[in-house]
Amino acid sequence: MKRLILALILLATPVHASQITASNGIVYLTGKIDSGDERIFDARTANMPAGTIVKLGSNGGNLLSAMKIGTIVSNRGFDTWASTWAPCASACTLIWFSGRHAIVQRNTLLVFHMPYDSRTGVASPEGAVLMSAYLQSLGLTQTQADFLATTPSEGWPATEAAARRLGFRWQLIVNILGNGLHSCQQKICLTIP
């Protein structure tokens with residue numbers, strides 16, 4: 001059986017600066033999420049309709065900026081999409097969960113872990129509480145949110161079966177071409193590449 005990989009890496013992984021572009025009804029957010037990116041995202045998506053797809057490819061970055069971008073995504077009714085073209089790691093997953101429909105291509109690397117202080121590299125209990133509350137506001141159960149917000153950096157590579165054991169359920173989408181992504185009706189949809 002193919003696997004939906006959920007793994008863990010550090011929040012402060014060095015990556016290139018964030019790129020936020022819009023083309024043909026899709027918003028692309030790639031690179032490191034920095035403080036202030038929420039203002040750029042807000043400005044570039046202000047006139048986009050509900051159902052716009054936000055395609056993600058980021059190794060993470062600033063926790064607060066990611067939650068603010070996620071709040072914009074949620075409030076505007078955008079869908080999010082993580083695919084095998086790039087991982088969605090760390091703070092990026094907070095944006096992914098914020099989608100009206102959070103779509104993930106099978107075998108995409110989604111990376112979850114507890115927040116870390118980027119200056120010291122030490123786990124942030126305050127950040128974990130904030131992250132858990134945010135995830136619960138998006139519809140995750142307290143158990144799911146607490147698990148993701150307190151998972152240490154050693155890793156949690158989870159199969160689809162492990163995600164099910166945590167109570168995650170998804171709709172399977174066979175065709176992502178054309179309007180296939182728009183056929184997602186559940187909070188989480190898994191596409192077959």
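In this predicted model, seven strands line up as an open sheet in the order β2-β3-β4-β5-β7-β10-β9, and the pairing is mixed. The edges belong to β2 and β9 (171–173), each with a single partner strand, so one side of each has no neighbour in the sheet. From one strand to the next, the twist averages 25°.

Here is how some of the strand pairs work out:

| Pair | Sense | Bridges |
|---|---|---|
| β2 (residues 19–23) and β3 | antiparallel | five |
| β3 and β4 (residues 53–57) | parallel | five |
| β4 and β5 | parallel | four |
| β9 and β10 (residues 188–191) | parallel | three |

Let's start at the β2 end. β2 and β3 form a hairpin with two residues between them, and Asn-24 in that turn has a positive phi of about 50°. Across this pair, Ile-20 stands opposite Leu-29 of β3. Why is β3 (residues 26–30) described as largely enclosed by the rest of the structure? Because four of its five residues are buried.

β4 itself is well wrapped up: five of its five residues are buried, so it is largely enclosed by the rest of the structure. In a regular strand, side chains alternate between the two faces of the sheet. For β4, both faces are covered, with Ile-53, Lys-55 and Gly-57 buried on one side and Val-54 and Leu-56 buried on the other.

At the other end of the sheet, Gln-171 stands opposite Cys-189 in β10. Helix α3 (residues 91–98) packs on the sheet, where it touches β3, β4, β5, β7 (102–105) and β10, and its direction makes about 135° with that of β5.

Now for the nonpolar cores. The largest one has 42 residues, and Phe-41, Trp-96, Phe-97, Leu-135 and Phe-168 have the most contacts inside it. Two or more residues each come from β3, β4, α2, α3, β7, α4 (125–137), α5 (142–150) and β10. Which residues does Phe-97 touch, leaving aside its neighbours within four places in sequence? They are Ala-102, Phe-112, Leu-135, Leu-138, Leu-140, Leu-148, Phe-168, Lys-187 and Ile-188. There is also a second, separate core of seven residues, which includes Ile-26, Trp-81, Cys-184 and Cys-189.

Finally, a loop residue worth a look: Phe-78, in the loop between α2 (63–76) and β5 (79–82). Is Phe-78 buried or exposed? Its relative accessibility is 0%, so Phe-78 counts as buried, the cut-off for that being under 20%. Setting aside neighbours within four places in sequence, Phe-78 is in contact with Phe-41, Thr-45, Met-48, Pro-49, Gly-51, Thr-52, Val-54, Val-73, Gly-99, Arg-100 and His-101. One of these, Thr-52, is 26 residues away from Phe-78 in sequence, yet their C-alpha atoms are 4.9 Å apart in space.

Key. Residues are numbered from 1 along each chain as its sequence is written. This is a predicted model: local features need pLDDT of at least 70, side-chain atom pairs count only at pLDDT 80 or more; totals for chains, interfaces and linings use all residues. Side-chain values use heavy atoms; hydrogens and water are left out. Buried means under 20% relative accessible area, exposed over 50%, partly exposed in between (1.4 Å probe, protein chains only). Two strands pair if DSSP finds at least two bridges between them. Contact means heavy atoms within 4.5 Å. Axes are lines fitted to C-alpha atoms, for helices over the stretch in contact, and angles run from 0 to 180 degrees between N-to-C directions. A nonpolar core is a set of buried Ala, Val, Leu, Ile, Met, Phe, Trp, Tyr and Cys residues joined through side-chain atoms within 4.5 Å.
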